[in-house]
Amino acid sequence: GTGLKTTLITSSDIEYEFQTAPQNVFNFRIGNFNYTINFQAMIQTNVQTGMRRKVRRRPRFTSMNQNPNSISGAMGNPALSNTLPSGTWQFKGDHGRWLDYRRLGEGGIACSINSQDIEQSYQQNPQGSLQFTAGRFQYRLDLSAMTQTNLLIGTRRAVRRLETPSLGGANASTGSKGLWQFMDDEGLWKEYSQFGILQSVSSQDIERNYQMNPQGSMKLSTGQFQYTLDFSAMTQTNLTTRKVRQVRRL
């Protein structure tokens with residue numbers, strides 16, 4: 001609707017989140033209100049007022065004149081997009097935490113690009129670079145050196161690209177490094193064993209258990225709480241509070 005025109009969240013951002021985890025709930029903010037989109041129910045909910053709206057997803061139109069063999073052609077064609085290698089882009093934030101590039105980052109900082117934008121640039125020229133803004137700063141992302149540089153103060157951060165499994169099924173992720181993340185209260189993906197986050201278990205520990213039984217589960221603990229990680233449902237459950245979080249494997 002017209003009310004979404006003023007937000008920094010675009011249809012491409014939502015599609016990226018859906019492609020990454022179609023069973024998840026996506027959180028975002030417009031003005032003074034927080035919203036969620038439940039991809040399975042296809043419902044948008046205003047967290048403050050409780051108002052719900054229906055959501056729908058339509059295939060992207062592809063021109064008959066568009067070359068399906070080109071990067072842009074394949075990206076615009078749902079039938080061909082999964083044949084291309086894809087990746088999720090992250091930068092190393094404070095305390096060594098790896099964070100996804102998002103239009104709306106931690107603390108509500110607006111960014112002019114997201115992971116999908118970077119991936120498209122990378123597909124076109126893996127040795128190139130691109131400039132973007134985040135908050136009041138401008139940055140250069142060097143795809144060859146895998147670094148992000150603040151053009152005002154010169155600060156550099158490491159960047160990485162994680163192969164994203166296709167939507168073809170569980171076997172599509174075979175050969176990946178098996179990076180495990182869970183969704184926090186702000187709708188951000190956090191890696192297991194990051195600074196201050198479930199340090200009793202690492203992503204590698206989870207991957208080893210997953211490889212032994214992809215349909216099984218495992219127990220993990222942090223502080224006073226114990227959790228169950230269900231590989232089949234891709235959820236993490238706090239055994240005391242019963243709070244359930246979404247989990248993903250990259």
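This is a predicted model: local features need pLDDT of at least 70, side-chain atom pairs count only at pLDDT 80 or more; totals for chains, interfaces and linings use all residues.
**Exercise 1. Find out which side of helix H5 is buried, and what it packs against.**

Step 1. Start with the helix itself, residues 203–212, and pick out its buried residues: Ser 203, Ile 206, Glu 207 and Tyr 210.

Step 2. Now look down the axis. These residues cover an arc of only 100° around it, which means they sit on the same side of H5.

Step 3. Here's a handy rule: an α-helix has 3.6 residues a turn, so residues three or four places apart point the same way.

Step 4. Check the other side of H5, where you'll find Gln 204 and Met 212 exposed.

Step 5. Finally, see what the buried residues pack against: strands S11 (180–183), S13 (217–222), S14 (225–230) and S16.

**Exercise 2. Decide whether Leu 188 is buried or exposed, and say where it is found.**

Step 1. Locate the residue: Leu 188 belongs to the loop between S11 and S12.

Step 2. Recall the cut-off: buried means under 20% relative accessible area.

Step 3. Leu 188 has 8% relative accessibility, so it counts as buried.

Step 4. For a look across the chain, take Gly 105. It is 83 residues away from Leu 188 along the chain, yet their C-alpha atoms are separated by 8.4 Å.

**Exercise 3. Describe the largest nonpolar core and the surroundings of Leu 141.**

Step 1. Count the members: this core has 15 residues.

Step 2. Look for the ones with the most contacts inside the core, and you get Tyr 101, Ile 118, Phe 132 and Leu 141.

Step 3. Ask which elements give two or more residues to this core: they are strand S5 (87–92), S7 and S8.

Step 4. Zoom in on Leu 141. Leaving aside neighbours within four places in sequence, its contacts include Tyr 101, Ile 118, Phe 132 and Val 159.

Step 5. A second, separate core has 13 residues, among them Tyr 192, Tyr 227, Phe 231 and Val 247.

**Exercise 4. Work out what lines the second largest pocket.**

Step 1. Note its volume, about 660 Å³.

Step 2. The lining is made of 25 residues, and those nearest the pocket's centre are Phe 91, Leu 99, Ile 109, Ala 134 and Tyr 139.

Step 3. Strands S6 (98–100), S7 (129–134), S8 (137–142) and S9 (147–150) each give two or more residues to this lining.

Step 4. Sort the lining by type, and you end up with 12 nonpolar, 6 polar and 7 charged residues.

Terms used:
Residues are numbered from 1 along each chain as its sequence is written. Side-chain values use heavy atoms; hydrogens and water are left out. On a 1 Å grid over the protein atoms alone, a cavity is a set of points where a 1.4 Å probe fits but cannot get out, and a pocket is an open set with protein on both sides within 12 Å along at least five of seven lines; lining residues have an atom within 4 Å of a point. Grid points are joined across faces, edges and corners, and a volume is the space filled by probe spheres set on the points. Helices (H or I, at least four residues) and strands (E, at least two) are DSSP runs, numbered from the N terminus. Ala, Val, Leu, Ile, Met, Phe, Trp, Tyr, Cys and Pro count as nonpolar, Asp, Glu, Lys and Arg as charged, and the others, Gly among them, as polar. A nonpolar core is a set of buried Ala, Val, Leu, Ile, Met, Phe, Trp, Tyr and Cys residues joined through side-chain atoms within 4.5 Å. Buried means under 20% relative accessible area, exposed over 50%, partly exposed in between (1.4 Å probe, protein chains only). Contact means heavy atoms within 4.5 Å. The arc is that of the directions from the helix axis to the C-beta atoms.
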